[in-house]
Amino acid sequence: MTTPTTPAPFVTPDTAHGADTAPGLLAALAPLLAAESDAEAPAAGVEPGDLEQAVWLRLLERLQETGAPERPAEWLRRAVRAEARRARRTTDRERPYPGEPVHEAGGAEPHGSPEHSLMAAEGRRTLRAAVTRTPGRCPRVLTAMLDPEDPTYREIAGELGISQGSLGPMRSRCLGCLRRMLAAEVPAPGRRGRVR
């Protein structure tokens, strides 16, 4: 015979307080904190995750020092706004060192950075590997086009042993083939995630 179990009471942000219910309080506040951080972060110029982390730290310090706030949801909203203001002031005061490349939030890595150099080298390797897999004369045509010495059409046609007039259409076909191959292998830059 089994005995009926009493269900755990539902914890809401405004009913969970006290040091003994800290895990319940944190669990109840998590969705509210995520929503508030998502709303405030863009205007503050910070990532929502950074804002959430700062508020969690504030809340944990508060729980340790004085216990749970009387109205946790209101306290959390005020804390998010206060952290957003602090982040905005910090961002407004920060200036890059002279000569330091500026990195825009959410943008590409600055030129000359190790990340940019690595990504550029990886892009060149991917391109060269794709060129070798193109059909027919395309590997030779595209390799000649990628030559750092930038040869003329006449020089390329002479090297390949074809007429200069047929180089343009051949180049177009080879570039189209290469474009299709790379589109299948390399994700396009820009938005990520599902398109709605």
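Me: Which residue is joined to Cys 138 by a disulfide?
Reply: This model is predicted. A disulfide requires two cysteine sulfur atoms within 2.5 Å. The sulfur of Cys 138 has a partner at 2.1 Å, and that partner is Cys 174.

Me: How many residues apart in sequence are the parts that this pair ties together?
Reply: Cys 138 belongs to helix H5 (residues 138-145), whereas Cys 174 belongs to helix H7 (residues 164-185). The pair therefore ties together parts whose separation in sequence is 36 residues.

Me: Is the link of Cys 138 and Cys 174 left-handed or right-handed?
Reply: The handedness is given with the angle about the S-S bond, which is -80° here.

Me: Which cysteine sulfur is nearest to that of Cys 177, and how far away is it?
Reply: Cys 177 is in no disulfide. A disulfide would need sulfur atoms within 2.5 Å. The nearest cysteine sulfur belongs to Cys 138, at 5.7 Å.

Me: Is Cys 177 buried or exposed?
Reply: A residue counts as buried under 20% relative accessible area. Cys 177 has a relative accessibility of 16%, so Cys 177 is buried.

Me: What is the C-alpha separation of Arg 85 and Ala 43?
Reply: Arg 85 is placed in helix H3 (residues 72-93). Its relative accessibility is 42%, so Arg 85 counts as partly exposed. Along the chain, Arg 85 and Ala 43 are 42 residues apart, while their C-alpha atoms are separated by 9.2 Å.

Methods: Residues numbered from 1 in each chain as written. Predicted model: local features only at pLDDT ≥ 70, side-chain atom pairs only at ≥ 80, totals over all residues. Heavy atoms only, no water. Helix = DSSP H or I, 4+ residues; strand = E, 2+ residues; numbered from the N terminus. Buried < 20%, exposed > 50% of the residue type's maximum accessible area, 1.4 Å probe, protein only.
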